[in-house]
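This note sets out points for a colleague who is meeting the structure for the first time. Please read each point with the model at hand.

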Amino acid sequence: LGLSQAVAAESDSLMIKGLVTVAGNTSSENAITNANLLLSWYEPPADNIPVIVGADKPIKRPLSSTGKLIHGPDGLWWLAELTADNRLSTANRDVNERGRKKATNFYCEKNQLQQVTLLALGPLTNIAKAIKKCPKNFKNAAGLEIIVLGGVDMTGMETPSTGIESP
């Protein structure tokens with residue numbers, strides 16, 4: 001639940017511009033629902049943080065279904081169904097309400113990447129697509145820092161359960 005840690009870390013000195021989903025350990029649809037669910041648990045609910053629709057599959061290979069074995073069919077092992085307060089209704093908002101923008105458009109907006117840290121907690125598909133679509137935005141982004149939690153393009157570390165992709 002790295003997402004909840006990222007949201008919990010929000011302070012006066014940290015502004016979260018958006019949560020960008022990506023298919024990896026679960027489907028894109030599940031990732032959107034899960035992101036909204038976790039944001040609804042933040043106290044107070046983080047309604048001001050947009051959930052951005054990311055890639056629904058890797059660039060060069062099909063999306064692996066192995067993540068279901070490790071993270072469950074919804075990516076959180078039915079966490080939403082196990083919660084007594086039933087906040088899923090809040091989290092399961094229509095994608096058009098809190099996920100209207102596509103990841104590449106989000107990253108390619110003017111000045112979006114100025115003085116920003118991108119914290120990539122999953123596959124790098126969205127970042128790779130954005131670099132291809134608007135390379136100047138990344139090249140000219142003053143103060144852009146990208147922190148990658150996962151993603152490798154080598155043999156030995158990649159297994160069917162990792163579902164990783166590097167640009």
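Does tyrosine 107 count as buried or exposed? Tyrosine 107 counts as buried, at 7% relative accessibility. The model under discussion is predicted, and the points below should be read accordingly.

1. Overall composition. The protein chain contains nine helices and four strands. Their order along the sequence is α-β-α-β-α-α-α-α-α-β-α-α-β. The chain has 167 residues, of which 37% count as buried. The exposed surface comes to about 10000 Å², with carbon and sulfur atoms supplying 55% of it.

2. Contacts along the chain. Among contacts in the protein chain with a separation of 6 or more, 77% are made by residues 24 or more positions apart.

3. Helix α2. This helix covers residues 28-41, 14 residues in total, and reaches 20 Å from its first C-alpha to its last, close to the 20 Å expected at 1.5 Å a residue. Ten of its 14 residues are buried, so α2 is largely enclosed by the rest of the structure. The buried residues include Ala31, Ile32, Ala35, Leu38 and Leu39. Asparagine 34 also lies in α2. The relative accessible area of asparagine 34 is 12%, which is under the 20% limit, and therefore this residue is buried.

4. The aromatic pair. The structure holds one aromatic pair. Its members are phenylalanine 106 and tyrosine 107, whose ring centres are 5.7 Å apart; the planes stand at 55 degrees, so the pair is tilted. Phenylalanine 106, with a relative accessible area of 6%, is buried, and tyrosine 107 is buried as well.

5. The disulfide. One disulfide is present in the structure. It is formed by cysteine 108 and cysteine 134, with their sulfur atoms 2.0 Å apart. The torsion about the S-S bond is about -80 degrees, so the disulfide is left-handed. The bond links distant parts of the chain, 26 residues apart: cysteine 108 belongs to helix α7 (residues 103-108), whereas cysteine 134 sits in the loop between α8 (125-133) and α9 (135-139). Both cysteine 108 and cysteine 134 are buried.

6. Strands β3 and β4. In a regular strand the side chains alternate between the two faces of the sheet. β3 pairs with strand β4 (residues 145-148) in the parallel sense, over four bridges. Within this pairing, alanine 120 stands opposite valine 148 of β4.

7. A backbone point to inspect. Most residues other than glycine have a negative phi. Glutamine 115 is not a glycine, yet its phi is positive, at about 55 degrees. The residue is found in the loop between α7 and β3. With a relative accessible area of 64%, which is over the 50% limit, glutamine 115 is exposed.

Terms used: Residues are numbered from 1 along each chain as its sequence is written. This is a predicted model: local features need pLDDT of at least 70, side-chain atom pairs count only at pLDDT 80 or more; totals for chains, interfaces and linings use all residues. Side-chain values use heavy atoms; hydrogens and water are left out. Helices (H or I, at least four residues) and strands (E, at least two) are DSSP runs, numbered from the N terminus. Buried means under 20% relative accessible area, exposed over 50%, partly exposed in between (1.4 Å probe, protein chains only). Contact means heavy atoms within 4.5 Å. Accessible areas come from the Shrake-Rupley method with a 1.4 Å probe; for residues, only the protein chains shown count as cover. Rings of Phe, Tyr and Trp (its six-membered ring) pair if their centres lie within 6.5 Å; planes under 30 degrees apart count as stacked, over 60 as edge-to-face and the rest as tilted. Two strands pair if DSSP finds at least two bridges between them. A disulfide is a pair of cysteine sulfur atoms within 2.5 Å. The expected span of a helix is 1.5 Å times one less than its number of residues.
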